[in-house]
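This report walks a new reader through one structure, helix by helix and contact by contact. Please keep the sequence and the model open while reading.

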Amino acid sequence: MQCVLLLYEVTASSRHYVDRLFDPDPQKVLQGVIDMKNAVIGNNKQKANLIVLGAVPRLLYLLQQETSSTELRTECAVVLGSLAMGTENNVKSLLDCHIIPALLQGLLSPELKFIEACLRCLRTIFTSPVTPEELLYTDATVIPHLMALLSRSRYTQEYICQIFSHCCKGPDHQTILFNHGAVQNIAHLLSSTSYKVRMQALKCFSVLAFENPQVSMTLVNVLVDGELLPQIFVKMLQRDKPIEMQLTSAKCLTYMCRAGAIQTDDICIVLKTLPSLVRMCSKERLLEERVEGAETLAYLIETDVELQRIASITDHLIAMLSDYFKYPSSVSAITDIKRVCVFLCQFRTSQRAMSRQRPVSQLDHDLKHAHELRQAAFKLYASLGANDEDIRKKIIETENMMDRIVNGLSESSIKVRLSAVRCLHSLSRSVQQLRTSFQDHAVWKPLMKVSRKIARIIHLEVDLCVFSCSLQPILESGAIELLCSLTQSENLALRVNGIWALMNMAFQAEQKIKADILQGLSTEQLFQLLSDSDVNVLMKTLGLLRNLLSTRPHIDQIMSTHGKQIMQAVTLILEGEHNIEVKEQTLCILANIADGTTAKELIMTNDDILQKIKYYMSHSNAKLQLAAMFCISNLVWNEEEGSQERQDKLRDIGIVDILHKLSQSSDPNLCDK
C-alpha cells in the first residue's frame with residue numbers, strides 16, 4: 001500500500017509539471033519548464049515519467065512556436081536534451097516524436113543561445129547508439145548550414161564537430177562532409193583556446209581520414225597558423241598532452257599512413273606514432289586506453305614488415321600484451337570474484353587491509369573491459385606475426401599463448417572469437433608451429449566450432465586446412481561440407497577463403513578426399529565459381545582444379561566423370577578476356593590432363609583445344625608459351641602408348657614448325673624446353 005501511495009505521489013508530481021506546460025500565461029509556462037529542467041537533472045525515473053505523461057510533444061510544440069519567447073524555446077531545448085541523457089528508451093521516444101527535424105529547424109533561428117541549446121540536444125541524441133546517423137543527411141541543406149554555424153561560438157564548434165565525428169560512418173558520409181568543406185572549416189579549430197573544441201576537431205579528422213586516401217592526401221598539405229597538419233598532430237602526441245589527445249592524434253597519423261598519405265618509414269610514424277601507441281599498451285594506462293592503443297597499433301603495422309619488427313622490440317611489447325589476459329572471461333569466474341570482494345569489504349575490519357581492496361565498482365569496470373582487452377591483444381598479436389618467423393616464434397613461446405588462443409576460440413564474445421581466429425591465422429603461416437604447438441593443442445577442434453558459428457556473419461580469415469597433421473579429424477568434423485557452403489556465400493571474402501581452403505585440402509590428397517570435394521561442390525557450383533567476377537575466386541578455383549587433376553589415376557578418374565564439363569570450362573577461359581595469370585593457370589590444368597593415361601585423349605580429340613594450345617605456343621608472353629609447351633610435352637612422351645599417333649597429329653597441325661622457331665628463341669627457358 002505504501003509503494004502504491006509513493007508511486008501515486010511521484011506520478012502526480014510529474015503530472016503537475018506537464019500540466020503547467022499548458023497554462024495560458026506564458027510566464028508561468030516558462031517557469032514550469034525551468035522547474036521541470038531542475039527536476040529531471042540526474043533523475044532517470046522522473047525523465048521516464050514525464051515522457052510517458054506526454055511532456056515531449058508539448059515541449060516540441062513550444063520550441064517550434066514563433067510566438068514563444070527565445071528564453072522559453074531555449075529552455076525547452078535544454079529540457080529535451082536532459083531527457084535524451086537518460087536511457088536509450090528515452091532517446092527512442094524522442095525520435096518517435098520527430099525531435100530531430102524540430103531541432104534542425106531551430107538552427108535557422110538568429111538567436112545564438114537557442115542555436116547552442118538545439119545543437120547540444122542534437123549532440124546528445126546523435127551520440128546515442130540507437131540514433132540512425134542517416135537522419136543527419138536526409139535534408140541536403142543541413143550539412144552546409146552546420147558548416148556555416150561553426151564560426152558562431154566555441155559551443156557551436158564543439159557540438160557540431162562532435163555530431164560530425166559520431167555521424168561519419170563510411171565513405172559516403174566522408175565524401176559528403178569533405179565536399180562541403182569539412183577539412184577547411186575544421187582545421188583552424190585545432191588552434192582554439194578551448195581544449196574541448198580542439199579534441200572534437202581532432203576526432204573529426206580521425207573519422208574523415210579512416211581508409212580514405214582523398215581526405216588523407218588533402219590533410220597532409222593543410223596549413224594551420226603556418227604549420228602542416230601532420231606537424232600539429234605530432235605535437236599533440238607529446239607526453240605532456242592529455243592521453244585522449246595523444247591517442248586521437250596517433251589515430252589521425254595512423255589512418256593517414258595506411259591511406260598512403262604518409263610513408264611508413266617517415267619519422268613521424270617510426271619515432272613518434274608507433275612508440276606512442278606502444279606506450280598506450282602499458283599497464284599504467286586505463287583499460288579503455290590500452291584497448292584503443294593496441295587496436296590502433298595493430299592497424300598501423302598490419303601490412304608493413306619493418307613496422308612489425310620495430311613494434312616487436314619496442315618496450316617488450318609482446319610480453320606486455322600478456323597482461324591483457326589477466327581478467328577472467330567466464331560469468332562464473334566474474335561472479336565468484338565479486339562475491340569474494342563483497343565478503344572482504346563486509347568482514348575485514350582492519351582499515352589498512354581495507355585500503356588495499358579495489359572497490360567493487362572498479363572491479364565491475366575492469367571486468368566489463370575484459371573481452372575488449374583480449375580482442376585487442378589478439379588483433380595486435382596477429383599483426384605482429386603476419387610476416388616474420390622470428391616474431392611468430394616469440395609470440396607462440398609467450399607463456400600460455402596457445403591455451404589463450406584455444407580459450408579465445410570458445411569465448412562467448414563473437415569479437416573475441418574472430419580476433420582469436422585472426423591471431424591463429426597469422427601464426428599458422430609458420431610451418432614449424434603447425435606441426436608442433438598447433439598439433440599439441442589440437443586447435444582444430446575449437447576452430448571448427450567457431451567457424452560454424454561465425455562463417456555466415458563475418459570474414460573467415462583462416463585457412464581451415466593449414467593443420468595438415470590434423471586433417472583427418474577436421475574432415476570427420478564436416479570441414480568439406482562447411483567449406484563448400486562458404487563458396488556459395490554472397491560475401492566475397494568467404495567465397496575466396498572457402499575455395500582457397502578446398503584448394504589446399506586437395507593438394508596431394510587421397511582420391512576419396514578429392515571425390516568428396518567434387519561431390520560437395522557439385523559440377524554446377526564449380527563452374528559458377530569459374531565464372532565469378534572476382535579474379536581471386538577464379539584463380540583459387542583454377543588452383544583447386546589443378547590440385548584435383550594431379551596423379552594419373554586421379555586425373556583419369558575425374559576426367560572420366562567430369563571431363564566434358566571441365567574441357568568446356570577450359571575452353572571458355574582461354575577464349576575469354578582474362579589476365580595472363582588466369583590463362584597460365586588454365587594451360588597448366590590442360591598440361592595435367594595431358595599427363596593422364598586416358599584423359600589425354602580428351603585433348604587429342606578436341607581440335608578446338610589443340611588450336612588454342614598452338615595459338616598460345618606463339619603468344620607474345622613467355623609464361624603462356626611455356627605452359628602451352630608443357631601440354632605438348634606430356635602429349636608426345638615416347639614411352640607412352642599411342643605416342644606416335646599423337647605426334648603425327650600434332651605434326652600435321654604445325655606444332656613441329658613452332659617448336660623449331662622456339663628453339664631459336666632468345667629466352668633460355670623457351671629454348672631449353
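Just after helix α33, Q508 takes a positive phi of about 50°. This angle, like every value below, comes from a predicted model.

**Helix α33 and the residues around it**

Is α33 mostly covered or mostly open? It is mostly covered, since twelve of its 15 residues are buried. Among the buried residues of α33 are A493, L494, R495, V496, N497 and G498, and towards the other end M503, M505 and A506. At the start of α33, a side-chain oxygen of N491 comes to within 2.9 Å of the backbone nitrogen of A493, and A493 is itself one of the buried residues of the helix.

**Two further positive phi angles**

Positive phi values also occur elsewhere in the chain. E211, a residue other than glycine, has a positive phi near 50°, and it lies in the loop between α13 and α14, the latter being residues 213–220. With a relative accessible area of 53%, E211 is exposed. N400, which is not a glycine either, has a positive phi of about 65°, and its place is the loop between α25 (389–396) and α26 (401–408). N400 is partly exposed, with a relative accessible area of 42%.

Helix α10 has 14 residues, and the distance from its first C-alpha to its last is 20 Å, close to the 20 Å expected at 1.5 Å a residue. Eleven of these 14 residues are buried, so α10 is largely enclosed by the rest of the structure. The buried residues include T156, Q157, E158, Y159 and I160, and also F164, S165 and C167.

T156, found in helix α10, is buried with a relative accessible area of 0%. Which backbone oxygens does the side chain of T156 reach? One is the backbone oxygen of L149, at 3.0 Å, and another is that of S153, at 2.7 Å.

**The largest pocket**

Helix α10 is also one of the elements that give two or more residues to the lining of the largest pocket, together with α11 (171–179), α13 (195–209), α16 (243–258), α18 (287–301) and α24 (370–384). This pocket has a volume of about 1100 Å³, and of the 31 residues that line it, the closest to its centre are K251, Y255, E292, E295 and T296. Which helix gives the most to the lining? It is α18, with seven residues. By kind, the residues of the lining divide into eight nonpolar, eleven polar and twelve charged.

E292 counts as partly exposed, at 27% relative accessibility.

The count comes to 28 salt bridges, and the table gives three of them with their nitrogen-to-oxygen distances.

| Salt bridge | Distance, N to O |
|---|---|
| K600 and E640 | 2.8 Å |
| D608 and K612 | 2.8 Å |

The side chains of K600 and E640 form the second pair in the table. This pair links distant parts of the chain, with K600 in the loop between α37 (580–594) and α38 (601–604), and E640, 40 residues apart from it, in the loop between α40 (622–635) and α41 (643–652). Both K600 and E640 are buried.

D608 is partly exposed, with a relative accessible area of 36%, whereas K612 is buried, with a relative accessible area of 11%. Beyond the separate pairs, salt bridges that share partners join R552, D595, K600 and E640 into one network.

Notes. Residues are numbered from 1 along each chain as its sequence is written. This is a predicted model: local features need pLDDT of at least 70, side-chain atom pairs count only at pLDDT 80 or more; totals for chains, interfaces and linings use all residues. Side-chain values use heavy atoms; hydrogens and water are left out. On a 1 Å grid over the protein atoms alone, a cavity is a set of points where a 1.4 Å probe fits but cannot get out, and a pocket is an open set with protein on both sides within 12 Å along at least five of seven lines; lining residues have an atom within 4 Å of a point. Grid points are joined across faces, edges and corners, and a volume is the space filled by probe spheres set on the points. Helices (H or I, at least four residues) and strands (E, at least two) are DSSP runs, numbered from the N terminus. Ala, Val, Leu, Ile, Met, Phe, Trp, Tyr, Cys and Pro count as nonpolar, Asp, Glu, Lys and Arg as charged, and the others, Gly among them, as polar. A salt bridge is a side-chain nitrogen of Lys or Arg within 4 Å of a carboxyl oxygen of Asp or Glu. Buried means under 20% relative accessible area, exposed over 50%, partly exposed in between (1.4 Å probe, protein chains only). A polar contact is a pair of N or O atoms within 3.5 Å; within protein, one must be able to donate a hydrogen and the other to accept it, and residues adjacent in sequence count only if both atoms are side-chain atoms. The expected span of a helix is 1.5 Å times one less than its number of residues.
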